[in-house]
Amino acid sequence: MRKTSLTVLVLALGVFGIITTEMGMVGVLPRVSAELGVTPSAAGWLVGVFALVIAVSGPFTTLLASGIDRKKVLAAAIAVFALSNAVYALTTQYEVMLAFRVVPALFHPVFFAVALATAARLVPAKDATRATTTVFAGVTVGFALGVPLTSYLAGHLSLASAFWFGALVNLIAFLGILWFVPSMPVPDSQRSSYGAQLSILKRPRMWLTITSVVLVFAAMFSVYGYSAEYLGQVTHMDGTWVSAMLMAFGIVMILGNFAFGSLLRRNLVGTVVAYPVLCLLVYVLLYAVGPLFAPMVPAVLVWGAVHSGGLIVSQSWLGRDASDAPEFGNSLFISFSNLGITVGTAVGGWVMAEYGARQLAWAGVGFSVAALIVMALRLSPERGRDRGGVRQAVSPGPSGQAPGEVGV
């Protein structure tokens, strides 16, 4: 049991390294632009291309890797991230850096999908959600510590040191996978054909679930994507306060991640349906106290706690409908959540440009209401059969393993 716990922590460390690689670039773009001699808009493609490649390629690369030993897949994917960070640190060519943003982005959804499914399979079915919540903690810790630390190193030491930090984290995760993760070949009896995995997309309810995931992430990032601007322009916080609030936001996300994991274990459907309602209430709160400095401080903490739940709630919700193809289901979650981020930030940017930062909260409210409506549509037909599906999703798989990442 202790080795299993260490294995799950190693997978969480790998997720932390991947998020630090993916999102850490955001905080160092001005330095990249200056040192590589490119325009800020060109430097921005280092972030945009990464997300675009994930959204487009995720399900396909995960399908291609579905028959390979899980340990080999995890080790190869995290090694690519370590290598890519080393290239960022060493290169002075924009084109080289851009190419090595595309390459790890191809492996990003593969690592996430396999890590989540592996964590669930390493523990008893009743502990599957706890294990995946721990892996997801790597995301929240990445946002809370990895991203600001990358920015700090670039600002106080050098841009190269920020990337060497990312390389080191991913290298440690690589060694941990080699040491702690057992060999997990996929037996022929459990190897699903590409057609069998793709067949989950023939289910109408699956597309309602996917749509709700897109809307939940759009609700989250239509506001969070411009959180610094909101705090600066609406609450009139200076740079120091904004940085402190964003750090506190990330730290609270770590706690909120585990709180939502606990709620999901008690009642998956109830927690999922409650999530957009909580988002709606938080955005109304942000609008109400936005211009008020003192009330905005605790409001940011509440916002961070609720925001954190979107990751594990959406993944569990989609996993409920993809329990017979968990890794492919996870890849769908990763791809469509990135689509939601793209849609949300685009709409949020439009609202801010047209109506001002104060009105950002209403973009989040609109997406939250839309997500709630789609969830209601998903649950309305054949309600009794859906409840039976939840029980089935957490029952042991062919080898006594949980077939997916969802536990109710």
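A crossing of two helices is left-handed if the near helix is turned anticlockwise from the far one by less than a right angle. I note that here at the start, and also that I am working with a predicted model.

**Entry 1: helix 8 and helix 14.** I looked up how this pair packs, and helix 8 passes helix 14 in a left-handed crossing. Their axes come within 8 Å and cross at roughly 165°. Angles over 145 degrees count as roughly antiparallel, so helix 8 is roughly antiparallel to helix 14. Sorted by class, the contact has 15 nonpolar, six polar and two charged residues.

**Entry 2: helix 3 and helix 4.** I then turned to helix 3, residues 70-90, whose axis comes within 8 Å of that of helix 4 and crosses it at roughly 150°. That angle makes helix 3 roughly antiparallel to helix 4. The crossing is left-handed here too. I found 18 nonpolar, three polar and two charged residues in this contact.

**Entry 3: the largest pocket.** How much space lies in the largest pocket? I read off about 1500 Å³. Of the 47 residues lining this pocket, Met23, Val26, Phe143, Phe221 and Tyr224 are the closest to its centre. Among the elements that give two or more residues to the lining are helix 1 (2-36), helix 5 (128-156) and helix 8 (204-224). My tally by class for the lining reads 32 nonpolar, 13 polar and two charged residues.

Note on methods
Residues are numbered from 1 along each chain as its sequence is written. This is a predicted model: local features need pLDDT of at least 70, side-chain atom pairs count only at pLDDT 80 or more; totals for chains, interfaces and linings use all residues. Side-chain values use heavy atoms; hydrogens and water are left out. On a 1 Å grid over the protein atoms alone, a cavity is a set of points where a 1.4 Å probe fits but cannot get out, and a pocket is an open set with protein on both sides within 12 Å along at least five of seven lines; lining residues have an atom within 4 Å of a point. Grid points are joined across faces, edges and corners, and a volume is the space filled by probe spheres set on the points. Helices (H or I, at least four residues) and strands (E, at least two) are DSSP runs, numbered from the N terminus. Ala, Val, Leu, Ile, Met, Phe, Trp, Tyr, Cys and Pro count as nonpolar, Asp, Glu, Lys and Arg as charged, and the others, Gly among them, as polar. Axes are lines fitted to C-alpha atoms, for helices over the stretch in contact, and angles run from 0 to 180 degrees between N-to-C directions. Angles under 35 degrees count as roughly parallel, over 145 as roughly antiparallel, 65 to 115 as roughly perpendicular and the rest as oblique.
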